[in-house]
Amino acid sequence: RKEYVDLYVDYVFNKSVQKPFEDFMQGFLRGCPARIWKMFFPEELQVLLQGHTTFDWHLLEKNVMYGQYTKLDQTIRNFWTVFHELSEEKKKMFLAFLSGSDRISGYELECFRFCIADPQVENPDKSYPFANTCYLILFLPR
């Protein structure tokens, strides 16, 4: 029985997917040659491909730049109070709203910066927050 189970597991996890995996690997290495990937440690490559999945949200707050705001403006203080009360999932949803992804790819967390700016609309009560994902700007009405 042990031999049967070992052979079955080997078939399911190795032999049955060998041809599709070889085809995938050949195509992948054609576009991304292995010599380029060999310069990374496995952890670095994982971050490069998948992005950071855990965050220091207080460091994110510390690195924010402000346009037409200061760190002490009531709108900004209210924003960070509400932000830090959000669940981890909601914070990642905010990151996706801001940047288009719920991960920070390729950056060191210390280097990731975004800007909170005042859109300077006539009636801020009739305006919603919106983001420019290319430039990592959150437009937050007063």
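This report describes the overall build of a predicted protein model and then looks at a few of its residues.

**Overall build**

The protein contains seven helices and four strands. Read from the N terminus, their order is α-α-α-α-α-β-α-α-β-β-β. The radius of gyration of the protein is 23 Å, whereas the globule rule gives 14 Å for 142 residues, so the protein is more spread out than a compact globule. The C-alpha trace spans about 70 × 35 × 25 Å along its principal axes.

The domain assignment divides the protein into domain 1, residues 1-39, and domain 2, residues 57-139. Between the C-alpha centres of domain 1 and domain 2 there is a distance of 42 Å.

**Surface, contacts and charge**

Of the 142 residues in the protein, 25% are buried. The accessible surface amounts to about 10,700 Å², and carbon and sulfur atoms hold 58% of that surface. Among contacts in the protein with a separation of 6 or more, 59% join residues 24 or more positions apart. The side chains include 17 positive and 19 negative ones, and the centres of these two sets are 3 Å apart.

Buried here means a relative accessible area under 20%, exposed means over 50%, and partly exposed lies in between.

| Residue | Relative accessible area | Class |
|---|---|---|
| F55 | 15% | buried |
| Q68 | 45% | partly exposed |
| R103 | 34% | partly exposed |
| L136 | 13% | buried |

F55 is placed in the loop between α4 (42-50) and α5 (57-62). Since its relative accessible area is 15%, F55 counts as buried. In sequence, F55 and I104 are 49 residues apart, while their C-alpha atoms are 8.8 Å apart in space.

R103 sits in the loop between α7 (88-99) and β2 (115-117). Its relative accessible area is 34%, so R103 is classed as partly exposed. Which residues does R103 touch, not counting residues up to four places away in sequence? They are Q50, G51, H52, T53, F55 and L95.

**Positive phi values**

Phi of Q68 is near 60 degrees, and phi of L136 is about 55 degrees. Q68 belongs to the loop between β1 (65-67) and α6 (74-85). L136 belongs to the loop between β3 (130-132) and β4 (137-139). Is each of these residues buried or partly exposed? Q68 is partly exposed, because its relative accessible area is 45%. L136 is buried, because its relative accessibility is 13%.

**A helix residue and the chain end**

T75 is part of helix α6. Along the chain, T75 and R142 are 67 residues apart, yet their C-alpha atoms are separated by 5.9 Å. Leaving out residues up to four places away in sequence, T75 touches Y69, L140, P141 and R142.

Terms used. Residues are numbered from 1 along each chain as its sequence is written. This is a predicted model: local features need pLDDT of at least 70, side-chain atom pairs count only at pLDDT 80 or more; totals for chains, interfaces and linings use all residues. Side-chain values use heavy atoms; hydrogens and water are left out. Helices (H or I, at least four residues) and strands (E, at least two) are DSSP runs, numbered from the N terminus. The radius of gyration is taken over C-alpha atoms; the globule rule is 2.2 Å times the number of residues to the power 0.38. Buried means under 20% relative accessible area, exposed over 50%, partly exposed in between (1.4 Å probe, protein chains only). Contact means heavy atoms within 4.5 Å. Accessible areas come from the Shrake-Rupley method with a 1.4 Å probe; for residues, only the protein chains shown count as cover. Lys and Arg count as positive and Asp and Glu as negative; His and the chain ends are not counted. The place of a charge is taken as NZ of Lys, CZ of Arg, CG of Asp or CD of Glu. Domain bounds come from an automatic or database domain assignment.
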